[in-house]
Amino acid sequence: MSPRSDHRVRPGFPPTAAGEAAPGPLGQAGDDRLAFWARQAERLHWGTGWTRVLDWSDAPVARWFVGGRLNVAYNCVDRHVEAGHGDQVAFHWEGEPGDTRTITYADLRREVCKAANALLSLGLRAGDRVAIQLPMIPEAVFAMLACARLGLPHSVVFGGFSPAALQSRIEDAEARLLITSDGQYRRGRAEPMKANTDEATRNTPGVEHVLVVRRTGIDVPWTDGRDLWWHELVDAQPDQHTPEDFDAEHPLFILYTSGTTGRPKGILHTSGGYLTQAAYTHGTVFNLDPDADVYWCTADIGWITGHSYIVYGPLANRTTSVMYEGTPHTPHEGRHFEIIEKYGVTIYYTAPTVIRTFMKWGEDIPARYDLSSIGVLGSVGEPINPEAWRWYRKHIGGDRVPVLDTWWQTETGTIMIAPLPGGPAAKPGSAQAPLPGISAKIVDDQGRQVGKGESGYLVLDQPWPSMLRGVWGDDDRYRETYWSRFAAQGHYFAGDGARYDEDGDIWLLGRVDDVMNVSGHRISTAEVESALVSHPAVAEAAVVGASDATTGQAIVAFVILRGGTARPAGDVTDVLREHVAKEIGPIAKPRQIMVVPELPKTRSGKIMRRLLRDVAENREVGDVTTLADASVMQFINAGPADGS
Ligand code: PRX
């Protein structure tokens, strides 16, 4: 591996004192910043060059690389083959049952071309939306890139989401095609997927076809005329296709994420700016050497990390990656380490919840494997506690490699705040500083930057190329959610709390809104509450995120049951936990449900979650003076009325 150089160009602290122009309304990127991003865009192949780096005149909707045209799939695949790298491995794929596939860049081009020709044969045209719910199999990447090649925005839905969640995402995006599989392997078992997607598409007449990858061989329900097998349709297609360039702002994908209401938001990302920053951050943060590194990001393609750091960033950079289908403990708890040893993984990028799970399993497990190939470790998804950071560095990184905590969001598209390898001394648990080209601040309630040692809200005060371009079909929600909180200053409100330390480095403190982070998955309290109250037995529900040693936060629900006949048979809390799993997906299942006679509310009727969090975390209950009826906490603290 090449020596990891020091790219660090740290913005001064505070940023405005370091000679950077104070932003005007909605921020104005300075000339240096634009020149910086213009240089980064040269990482890509543009069919037509841009005439302007940024048009921010319609803020907060940005247009980056104005007038530029490119094809994202060409940039991720074809150009590498044309440059003589067709034999380089793009993916070492490991199936959960132990089957493997090696996919070179030349293979990838053939597969993507065939898939693109198949989508064309179905009558899909640029701008049409395609929903994808697939396990972590190579066809997931082929499908995404085929969509990108044709200018079809994809909406990938995590394989663990319920039919109801898939249905609402298909409806919101008005997808014409769904790509799925017969089943998926989960902890050694083949579980149905098509049967679930059929439940979702029963009510989505806009879906004209369902393209089905055969992964497990299990029986599937079938609708003639609508359903098509991938191996029949795609494999019969020519393996050549000439890509067309699209505008830099052509929509690349929609990805749904939880907000503070019950309805997930379709975060919209476009092509040129997104791919520029995906390639830049992936190349720079991990100091990637495409000729030497073997990179593995353990995320699922159903999340933004999978989009940006399994598919778009790594492929734009001609990376050799590992892709793994299954869970970390199938068939045994050393599976990840076995894979690292087998392929000589040099860069490993995972989530704190995975690290804490490894900690729980014990350090003797990684110790059985040769992990000496590792050169860089990354973390994403939630604040990494210093203990997990140190364990990660010691037991996976041999106490010798950089551990990079990377902060970003579905909305930011790519990494925004992270230390760089070779930068100043790493601080366990701190994402430290915005990357070169990025500007972030911590501000108080009034939007004023706080000082060293102080905490506040994290904001992004300058536009960035991979920023979301909106919420699909809901411009007002875009402005309201992200830009209204600090409208006077023109800051993007990230929804996270953060603190400057005495050196001016940034420490992330978690969400400041009603969004929970469970194993790095964003789930809103409102979403779980509405799932709970959709059950006939529930009159009212309040949900909080309580600290959890493994998952970061865990979902704890307080419910008031309806009287009379609505009560389900059996243990009511089990029934309700299953109900939430069915409505949203197993990731949203509450750890604990407490049946209570009342909920603590203010005089204006707002539920005081702070007090419920105290109960959920077994703490003394805090100040109750703003409650309409202070005595309710006695009932809640006295324990469940029944059923839990
Ligand atoms: O609260 C922050 C947390 O995850 C949120 C974004 O979630 P999502 O859109 O699902 O994207 C996850 C993968 C990028 C953020 O608002 N978060 C993510 N990374 C970190 C983090 N919190 C602290 N430190 C991180 N490194």
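User: What makes α2 oblique to α4?
Analyst: Start with the angle. The axes of helix α2 (residues 72–85) and helix α4 (residues 138–150) cross at roughly 120 degrees, and they come within 7 Å. Axes are lines fitted to C-alpha atoms, for helices over the stretch in contact, and angles run from 0 to 180 degrees between N-to-C directions. Under 35 degrees counts as roughly parallel, over 145 as roughly antiparallel, 65 to 115 as roughly perpendicular, and the rest as oblique. The crossing falls in the rest, so α2 is oblique to α4.

User: What kind of model is this?
Analyst: It is a predicted model: local features need pLDDT of at least 70, side-chain atom pairs count only at pLDDT 80 or more, and totals for chains, interfaces and linings use all residues. Residues are numbered from 1 along each chain as its sequence is written. Helices (H or I, at least four residues) and strands (E, at least two) are DSSP runs, numbered from the N terminus.

User: Which residues of α2 and α4 meet?
Analyst: V72, A73, C76 and V77 come from α2, while L145, A148 and R149 come from α4. Contact here means C-beta atoms, placed from the backbone, within 7 Å. By class, six residues of this contact are nonpolar, none is polar and one is charged. Ala, Val, Leu, Ile, Met, Phe, Trp, Tyr, Cys and Pro count as nonpolar, Asp, Glu, Lys and Arg as charged, and the others, Gly among them, as polar. R149 is an Arg, so R149 counts as charged.

User: What makes β21 and β25 edge strands?
Analyst: Look at their sheet. It is open, with four strands in the order β21-β22-β24-β25 and antiparallel pairing. β21 (440–443) and β25 each pair on one side only. Neighbouring strands of this sheet are turned by 45 degrees against each other on average, direction ignored.

User: Which order do the eight strands of the other open sheet take?
Analyst: The order is β12-β11-β8-β6-β7-β14-β15-β23, and the pairing is mixed. Its edge strands are β12 (227–229) and β23 (470–471), which each pair on one side only. Inside the order, β7 (residues 154–156) and β14 (residues 251–257) run parallel over two bridges. That meets the pairing cut-off, so they count as a pair. S155 stands opposite I254 in β14.

User: What do β28 and β29 form?
Analyst: They form a hairpin, with three residues between the strands. β28 (residues 538–548) and β29 (residues 552–561) run antiparallel and are joined by ten bridges. In β29, I560 is the bridge partner of E540.

User: What sets N287 apart?
Analyst: Its phi is positive, about 45 degrees, although N287 is not a glycine. N287 lies in the loop between α8 (272–285) and β16 (294–297).

How values were computed:
Two residues are in contact if their C-beta atoms, placed from the backbone, lie within 7 Å.
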